[in-house]
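The sequence and coordinates are shown first.

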Amino acid sequence: MADKNGFLLRIITPDRVFYENQVNMVEFNTTEGEIGVLPGHIPMTVIVKPGVLFIAEPEGEKKAALHSGFAEILPEGVTILAEVVEWPGEINGERAKSARERAEKRISGKAPNTDIAKAETALQRALARIEVLK
């Protein structure tokens, strides 16, 4: 139930229920830009774009790397159906840095037969992972 004290945030992946709790606010990237959701938000659905997920709980803030999916936003809660989402402890920093370097090389044209859109998405995912580890 939506009220000034928060709303229910559910984040579900194909493997697990990643997160389910009352929150004060959630922020994440969409294909239309960054969105911040507070209790009582207007209903909408959005496509999730790779980036950092910020969760404001009454006890403090959490962050995770959110890669892609869809979100349903209702006044009483938010449900994110995510392809992949990772807590900082689940991320290998060296692997993320290597992925960033590979994606940057592909985007710069130094790799043959590069699908630029896929390379840009890979770069966004790597940057989200690296940002969450800071």
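Against which elements do the buried residues of H2 pack? The points below begin with that matter and refer to a predicted model.

1. Helix H2. The buried residues of this helix pack against strand S6 (51-57), strand S7 (60-74) and H1. They are Ala119, Leu123, Ala126, Ala128, Ile130 and Val132.

2. The largest nonpolar core. This core has 22 residues, and those with the most contacts inside it are Leu9, Ile11, Val26, Phe28, Leu53 and Ile80. Two or more residues come from each of strand S1 (7-12), strand S2 (17-23), strand S3 (25-30), strand S4 (33-37), strand S5 (44-48), S6, S7 and strand S8 (77-86). A second, separate core has five residues, among them Ala65, Ile91, Ala128 and Val132; Ala128 and Val132 are also among the buried residues of H2.

3. Ile80. Leaving aside residues up to four places away in sequence, Ile80 touches Leu9, Arg10, Ile11, Ile12, Phe28, Val48, Leu53, Leu66, Phe70 and Ala71.

4. Ser68. This residue lies in strand S7 and counts as buried because its relative accessibility is 14%, the cut-off being under 20%. Apart from residues up to four places away in sequence, Ser68 is in contact with Val48, Leu81, Ala82, Glu83, Val84 and Arg125. Ser68 and Asn29 stand 39 residues apart in sequence, with 9.2 Å between their C-alpha atoms.

5. Gly77. This glycine belongs to strand S8 and is buried, with a relative accessible area of 12%. Its contacts, not counting residues up to four places away in sequence, are Phe7, Leu8 and Glu72. The C-alpha atoms of Gly77 and Pro43 are separated by 9.5 Å, and the two residues are 34 residues apart along the chain.

6. The largest pocket. Its volume is about 170 Å³. Helix H1 (93-107) and helix H2 (116-133) each supply at least two residues of the lining. The lining consists of Glu86, Glu90, Ile91, Asn92, Arg95, Ala96, Ala99, Arg102, Ala122, Arg125, Ala126 and Arg129, and divides into five nonpolar, one polar and six charged residues.

Methods: Residues numbered from 1 in each chain as written. Predicted model: local features only at pLDDT ≥ 70, side-chain atom pairs only at ≥ 80, totals over all residues. Heavy atoms only, no water. 1 Å grid on protein atoms, 1.4 Å probe; cavity = no way out; pocket = protein on both sides within 12 Å on 5 of 7 lines; lining within 4 Å. Points joined across faces, edges and corners; volume = space filled by probe spheres on them. Helix = DSSP H or I, 4+ residues; strand = E, 2+ residues; numbered from the N terminus. Nonpolar A, V, L, I, M, F, W, Y, C, P; charged D, E, K, R; others polar. Buried < 20%, exposed > 50% of the residue type's maximum accessible area, 1.4 Å probe, protein only. Contact = heavy atoms within 4.5 Å. Core = buried A, V, L, I, M, F, W, Y, C linked by side-chain atoms within 4.5 Å.
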